[in-house]
Amino acid sequence: MSPCHQIPASAAKVACLEALEGRRLMSFSPVVSYSTGGSQEVVSADFNNDGQLDLATAGYGNVSVLLGNGDGTFQPAQVSAAANAPMVSMAVGDFDADGNLDIATANDTYSYYPDEDVTVVLGNGDGTFGPAAHYPVQIGYPKSIAVGDVTGDGKLDLVVTADDPYGEFTFSGGYFNTILMGQGDGTFSNYGSYRLTGLPGDPPLSADFNGDGLSDHAGFYLGYSSVSVLLGRAGGSVHAPITTPIEHEARALVEADFNGDGRPDLAAAGGLSVSVLVNDGDWSFPPPAVSISDATVTEGNTGTVNATFTLTLAFPSAVDAVVHYDTLNSTATAGSDYAAASGTLVIPAGQTSRTLTVAVSGDRAVEPSERFYVTLSAGTNASIGDGLGIGTILDNEPRISINNVSKSEGQGKTTTFSFTVSLSAVYDQAVTVNYATTSGTATAGTDYTSKAGSVTFAAGETIKTITVVIKGDKAREANETFFVDLFGASGNALIGAARGTGTILNDDR
């Protein structure tokens, strides 16, 4: 829900509207899952040379190929044995130059799996593969594999990234790349290994899923049965994720146009299944939410000052965002405390904020802080997020306060207590307040001399002093107190701290 303020019932209808920015629509047609021999990794290519994209998955010892029908559906998986080990990464290329695509897998073998570290199976051109060939990776446990002509001889090579976490293969451990040099006939030889200075990682899967010319991102959280797409925004940021559930845990993801409609689709592999997510092109997005800030202003004695509210869009829009606003009374009243305002405000395309001002009237009335509201409604190309701005008007008339005084009485002598009376702010008019002493445990006439009167602050003055005479004695007694009370302030000021306490400290032994 949107942020909400405590407001009167008259404003509640516009204050707490749910922001539509958080809602996302499904943008893939119903997900179809296919059984495989194992799905730790997935790639897309044309394995039977019919011009249609197929899917290949690798799992626990098997490579499975699902031949595509060209309409986003696939035939049952054809399973070929490859390695007796978990295959954690796979790559595709024509390693023997026969026109049929082949597959290489990186196998995270550890010590308890018998097979070597890299497996190559040569394609027969119909979605099946010949016997597996195995190649050792001499440094570490394989994590990923890639295809390329590393040596520049026109023949495809393999680059395998391996992890040596415990220093079993090297002195210090770390990540290493091993190059397997292709011979052009589907076989490979070990070319060498070198240490990586950083951590390996798969590049983000990026495509333009909604056809707006911006790069979008697709991914998944390991251990969760869903795939998420983050649509790109202008400027490089992204929208909140659009999540599509699948029937199994996602462990690998591939993007391709499976049905030939020009839109990128997704396939997610995991467990013993692969799920195909066909892009239906309906990436409907709600407009950005617009929210309004609060504003606080100190009123003047005359004229007006502006309370400035900022309207902010959750993200830039490709079109102008328009919203209606109105002021609403709370403890402040339109016409006397502020000027009522109503209208529309436009946040231009590509921008995210605009301001509006409300004129606050100055006066010399002594009053507490007051409030009014600015409400938002009727958004065009914008939904309403926080649609209530609180305007707080701080009174500028001064407050009068008095301090406390503690002092020894003086043995048999008189002394004086000086109380400071102060204004909270400089004022441009004279301010007057009355005062009088009041007994506590100290007695007027015996312990102190009672006093009453008034003090006047001339324009610009902020400090005055009230002096009370204390009658010292030589009697042993407890500390005693009396008070100086303020009352009857002039109409242009309020009394803040109205009582000053005088504490007479006994100094007789």
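Me: At what relative accessibility does phenylalanine 417 count as buried?
Reply: This is a predicted model, in which phenylalanine 417 belongs to strand S31, residues 414-423. A residue is called buried when its relative accessible area is under 20%. Phenylalanine 417 therefore counts as buried, its relative accessibility being 0%.

Me: By what distance are the C-alpha atoms of phenylalanine 417 and isoleucine 466 separated?
Reply: Along the chain, phenylalanine 417 and isoleucine 466 are 49 residues apart.

Me: How many aromatic pairs does the structure hold?
Reply: A pair of aromatic rings is described by the distance of the centres and the angle of the planes. For pairing itself, the ring centres have to lie within 6.5 Å. The number of aromatic pairs in this structure is 13.

Me: What kind of aromatic pair do phenylalanine 209 and tryptophan 283 form?
Reply: The ring centres of phenylalanine 209 and tryptophan 283 are 6.1 Å apart, and the angle between the planes is 45°. Planes under 30 degrees apart would count as stacked and those over 60 as edge-to-face, so the rest are tilted. The pair of phenylalanine 209 and tryptophan 283 is accordingly tilted.

Me: How many residues apart are phenylalanine 209 and tryptophan 283, the pair that links distant parts of the chain?
Reply: Phenylalanine 209 sits in the loop between strand S13 (205-207) and strand S14 (216-219), whereas tryptophan 283 sits in the loop between strand S19 (273-277) and strand S20 (289-292). Phenylalanine 209 counts as buried at 1% relative accessibility, and tryptophan 283 counts as buried at 9%. The pair bridges parts of the chain whose separation, in residues, is 74.

Me: Why is the pair of tyrosine 448 and phenylalanine 482 classed as it is?
Reply: The ring centres of tyrosine 448 and phenylalanine 482 are 4.6 Å apart and their planes meet at 15°. Planes under 30 degrees apart meet the cut-off for stacking. The pair of tyrosine 448 and phenylalanine 482 is therefore stacked.

Me: In which strand does phenylalanine 482 lie, given that tyrosine 448 lies in a loop?
Reply: Tyrosine 448 lies in the loop between strand S32 (431-439) and strand S33 (452-457), so its pair with phenylalanine 482 ties together parts that are 34 residues apart in sequence. Tyrosine 448 and phenylalanine 482 are both buried. The residues 480-487, which include phenylalanine 482, make up strand S35.

Me: Which residues do ring pairs link into a cluster?
Reply: Tyr448 and Phe482 are members of this cluster, and both are buried. Phe417, a further member, is buried as well, at 0% relative accessibility. The cluster linked by ring pairs consists of Phe417, Phe419, Tyr448 and Phe482.

Me: At what distance from the ring centre of phenylalanine 483 does arginine 499 lie?
Reply: For a charge to sit over a ring, CZ of Arg has to be within 6 Å of the ring centre and within 35 degrees of the ring normal. Arginine 499 is placed over the face of phenylalanine 483, and its distance from the ring centre is 4.1 Å.

Me: How far apart in space are asparagine 329 and phenylalanine 372, C-alpha to C-alpha?
Reply: Asparagine 329 belongs to strand S23 and counts as partly exposed at 36% relative accessibility. Phenylalanine 372 is 43 residues away from asparagine 329 in sequence. From C-alpha to C-alpha, asparagine 329 and phenylalanine 372 are apart by 4.9 Å.

Me: What is the phi of alanine 97, which is not a glycine?
Reply: Most residues other than glycine have a negative phi. Alanine 97 lies in the loop between strand S5 (78-93) and strand S6 (102-107), and it is exposed, with a relative accessible area of 62%. The phi of alanine 97 is positive, at about 55°.

Key:
Residues numbered from 1 in each chain as written. Predicted model: local features only at pLDDT ≥ 70, side-chain atom pairs only at ≥ 80, totals over all residues. Heavy atoms only, no water. Phe/Tyr/Trp six-rings, centres within 6.5 Å; stacked < 30°, edge-to-face > 60°. Helix = DSSP H or I, 4+ residues; strand = E, 2+ residues; numbered from the N terminus. Buried < 20%, exposed > 50% of the residue type's maximum accessible area, 1.4 Å probe, protein only.
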